[in-house]
Amino acid sequence: MREEQVQMAVMFLSHPSVKGSPIESRRSFLERKGLTSEEINEAFHRVPDGTSSVTSTGQGVNLNQGVQLQPQGMVPLSTASTGVASMLALSQRSRYSWSHVLFALAMLGASGAGTVLLLKKFFLPRLKCWIRNIVFEVEDDTERNSKASLCKESTEAAKVAAAAAVNSARASLEILNSRKDTRYFEAFIRHLDIQATELRSMSSALRKLEVAREAALFSYKQREHPSQLGSENGPNSKLLGTSVNDWKDPESSYSSLMKEEVKQNAVSAYDSSAKPSMLPASMEPSGGQHPKSYMEILAMIQRGEKPPGIKDINDSPPNPAQPLPNPRLAPRMKPWEIPQPQNSSSYALPQDSSQLNIENALPWWKRNKLLEQQRLNLTMG
Amino acid sequence: MPIFKTPFNGYSVKFSPFYESRLAVGTAQNFGILGNGRLHVLDLSPTSPAITELIAFDTADGVYDVAWSESHDSVLVAAIADGSVKLYDTSLPPQSNPLRSLQEHAREVHGLDYNPTRRDSFLSASWDDSVKLWTLDRPTSIRTFREHAYCVYSVAWNPKHADVFASASGDCSVRIWDVREPGSTMIIPGHQHEILACDWNKYDDCLIATASVDKSIKVWDVRNYRVPVTVLNGHGYAVRKIKFSPHRRNLIVSCSYDMTVCLWDFMIEDALVGRYDHHTEFAVGVDMSVLVEGLMASTGWDEHVYVWQQGMDPRAA
């Protein structure tokens with residue numbers, strides 16, 4: 001007989017909630033715990049219990065210790081089963097087998113319900129998540145591949161469309177030059193305007209794609225050709241800087257330049273000065289003297305060509321120790337530092353009738369007929 | 001009103017604080033994308049309406065901005081697209097120039113401002129997200145202000161408080177700084193798009209105006225920077241530069257990518273008081289003279305510099 005086990009059993013039986021439960025359940029519990037019948041009897045002997053008085057308020061929590069995990073639904077079930085068990089005990093203590101069987105059935109039902117709930121709450125969601133992740137991975141891969149190919153296709157399509165539009169613009173300009181007819185001029189201008197707007201939208205889309213591509217290319221070049229970084233840093237940084245930073249609306253410059261070139265060519269057509277080149281300035285091969293448009297320069301840089309006319313200038317200080325010159329003039333006070341009424345000017349103008357003489361004495365950049373008239377009105381009125 | 005034609009695309013124009021008839025123009029080849037630059041010092045001839053070139057300095061990279069020194073009448077500072085800040089002396093021939101080349105910024109220097117009150121220091125704003133404080137005599141910067149998350153386009157000293165300045169950045173905010181403090185003292189989340197320029201009101205030290213890519217100019221009171229004092233709409237494209245008039249309390253001049261230079265009086269209902277559309281390309285630089293009331297100059301990518309009196313037509317003879 002193990003004293004330790006008996007002690008544990010005594011403690012168990014002394015617990016107030018245990019005291020309310022039927023003897024059979026106590027016994028069966030202790031048996032399950034591995035106590036011998038001798039030890040159980042000894043424990044029972046030691047604990048003075050009013051086993052005959054079983055109250056129906058017994059909430060046999062110990063009954064549920066057989067089921068380790070306790071979902072919420074278990075407690076009412078267990079209380080129901082204990083209620084049934086206590087009712088049984090109330091009626092007939094001698095009918096051990098019947099209550100035993102019922103008790104066993106109740107336990108089985110409770111454990112079955114418990115496992116079902118467990119499955120529902122914990123395992124199924126995890127399984128679903130796992131399946132969903134797998135499915136998503138597969139979808140992602142296919143999506144990414146399709147996106148990359150889509151990107152490439154769209155850039156190529158945009159480039160082809162831009163080239164086609166440029167060709168058509170060139171063709172229409174040639175037609176104009178050959179005809180030299182004023183009647184068609186207006187229609188042609190309208191046509192070009194439409195083309196300009198189309199090109200504008202395409203160029204903005206192209207630019208966005210190009211910027212992204214530039215960034216990717218730049219990082220690629222950084223990896224592959226570290227020695228070339230120095231020379232490429234300048235244009236690329238400026239390119240990214242200009243295209244991404246403050247020129248959010250360079251379309252205005254582009255369209256205005258397009259219009260200017262059209263005007264120039266129209267004028268030349270009018271004059272019939274018969275310039276040998278029929279193409280607009282921007283279409284001429286590099287090396288010409290005409291100013292290139294902004295987009296042209298950008299395109300050249302992206303192609304890797306250097307725009308013409310850039311000289312190699314050494315602008316480092318020839319004498320870094322050159323002293324600063326002595327100031328020859330004392331700094332003047334600022335107009336807002338001089339305490340004077342707001343409506344007077346910074347230079348004194350005598351308000352007399354000989355305005356003409358004073359006006360003639362002023363240099364042209366001080367003469368302002370409007371302001372002087374206003375001042376006159378103020379003094380006169 | 002005379003016109004000056006520059007060989008390269010104009011970027012910035014500034015009147016000299018010492019000589020009424022002198023101004024500096026910074027230009028860059030190929031629209032500033034890639035190429036050389038040139039710094040012109042021009043003079044307005046008193047007799048005939050003409051602009052003559054006093055001296056010109058060639059640079060290896062584009063000149064994005066220019067600032068005259070307030071302490072030395074012949075010294076000017078140029079912001080170069082290769083990240084350097086160069087000092088020039090107009091009293092020396094071009095072969096002896098530049099005096100100094102200060103290479104510290106990692107990217108293009110886009111804005112400069114010389115301190116008009118203390119007259120000893122100047123600031124440079126760069127696309128490397130930082131602002132640097134310099135003096136003419138030191139070969140290295142005194143301080144670097146690095147808080148912006150994107151390119152800093154413009155800096156402006158406060159005309160009353162010699163230690164306070166503002167910086168406008170592509171991260172859509174304006175930061176107010178005090179050189180005595182370690183970090184910025186105020187952040188104005190001014191616009192939803194990049195802010196290209198800022199300038200302080202010369203007569204009210206709490207008012208600051210910002211110009212943004214969203215085509216608007218907003219005037220803010222730094223004491224209550226949640227809501228702008230006023231919003232000036234009227235430009236058709238991004239507003240590139242603004243300047244408060246040194247002579248009139250409420251007058252602002254602005255230039256924009258819609259090729260116009262506009263005059264605003266922000267205290268009246270109909271704020272747009274003047275519009276000049278003389279440029280045929282982006283109008284990128286504008287300035288009002290501190291010495292001559294009403295005198296304005298502008299330059300743009302159409303390679304022209306115009307100087308005119310307020311109210312007159314810049315293209316008139």
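**Entry 1**

A patch, as I use the word here, is made of residues with over 30% relative accessible area and no salt bridge, nonpolar side chains being joined within 5 Å. I note at the outset that the model is predicted.

I looked up which residues of chain A form such a nonpolar patch on the surface. I found Leu124(A), Leu127(A), Trp130(A), Ile131(A), Ile134(A), Val135(A), Phe136(A) and Val138(A), with about 770 Å² of accessible area together. I then took Leu124(A) as an example and located it in helix 6 of chain A, which covers residues 96-179. Its relative accessible area is 44%, so I recorded Leu124(A) as partly exposed.

**Entry 2: helix 4 of chain A**

I turned to helix 4 of chain A, residues 37-46, and asked which of its residues are buried. They are Glu39(A), Ile40(A), Ala43(A) and Phe44(A). Viewed down the helix axis, these buried residues fall within an arc of 135 degrees, and therefore they line one face of helix 4. On the face turned away from the buried side I found the exposed residues Glu38(A) and His45(A). I also looked up what covers the buried residues of helix 4, and the cover includes helix 1 (3-14) and helix 3 (23-32) of chain A.

**Entry 3: helix 10 of chain A**

How many of the 10 residues of helix 10 of chain A are buried? I counted 7 in this helix, residues 294-303, so it is largely enclosed by the rest of the structure. The buried residues are Tyr294(A), Met295(A), Glu296(A), Ile297(A), Leu298(A), Met300(A) and Ile301(A). Just after helix 10, I noted that Gly304(A) takes a positive phi of about 100 degrees.

**Entry 4: chain B as a whole**

Of the 317 residues in chain B, 72% are buried. Among the contacts in chain B with a separation of 6 or more, 44% are between residues 24 or more positions apart. Chain B exposes about 9,300 Å², and carbon and sulfur atoms supply 49% of that area.

**Entry 5: cysteines**

A disulfide is a covalent bond between the sulfur atoms of two cysteines. Cys172(B), at 21% relative accessibility, counts as partly exposed, because the cut-off for buried is under 20%.

**Entry 6: backbone angles in the loops of chain B**

Most residues other than glycine have a negative phi, and most peptide bonds are trans. I therefore kept a record of departures from this pattern.

The peptide bond from Asn97(B) to Pro98(B) is cis, with omega near 5 degrees. I placed Pro98(B) in the loop between strand 8 (84-89) and strand 9 (100-103) of chain B.

Arg119(B) is not a glycine, yet it has a positive phi of about 60 degrees. This residue is in the loop between strand 10 (109-114) and strand 11 (121-126) of chain B. Is Arg119(B) buried or exposed? I found a relative accessible area of 14%, so Arg119(B) is buried.

Glu303(B), also not a glycine, has a positive phi of about 65 degrees. I located Glu303(B) in the loop between strand 27 (295-300) and strand 28 (304-309) of chain B. With a relative accessible area of 18%, Glu303(B) is buried.

Notes: Residues are numbered from 1 along each chain as its sequence is written. Chains are lettered from A and ligands numbered from 1 in the order in which they are written. This is a predicted model: local features need pLDDT of at least 70, side-chain atom pairs count only at pLDDT 80 or more; totals for chains, interfaces and linings use all residues. Side-chain values use heavy atoms; hydrogens and water are left out. Patches are made of residues with over 30% relative accessible area and no salt bridge: like charges are joined within 9 Å, nonpolar side chains (Val, Leu, Ile, Met, Phe, Trp, Tyr) within 5 Å. Accessible areas come from the Shrake-Rupley method with a 1.4 Å probe; for residues, only the protein chains shown count as cover. A salt bridge is a side-chain nitrogen of Lys or Arg within 4 Å of a carboxyl oxygen of Asp or Glu. Helices (H or I, at least four residues) and strands (E, at least two) are DSSP runs, numbered from the N terminus. Buried means under 20% relative accessible area, exposed over 50%, partly exposed in between (1.4 Å probe, protein chains only). Contact means heavy atoms within 4.5 Å. The arc is that of the directions from the helix axis to the C-beta atoms.
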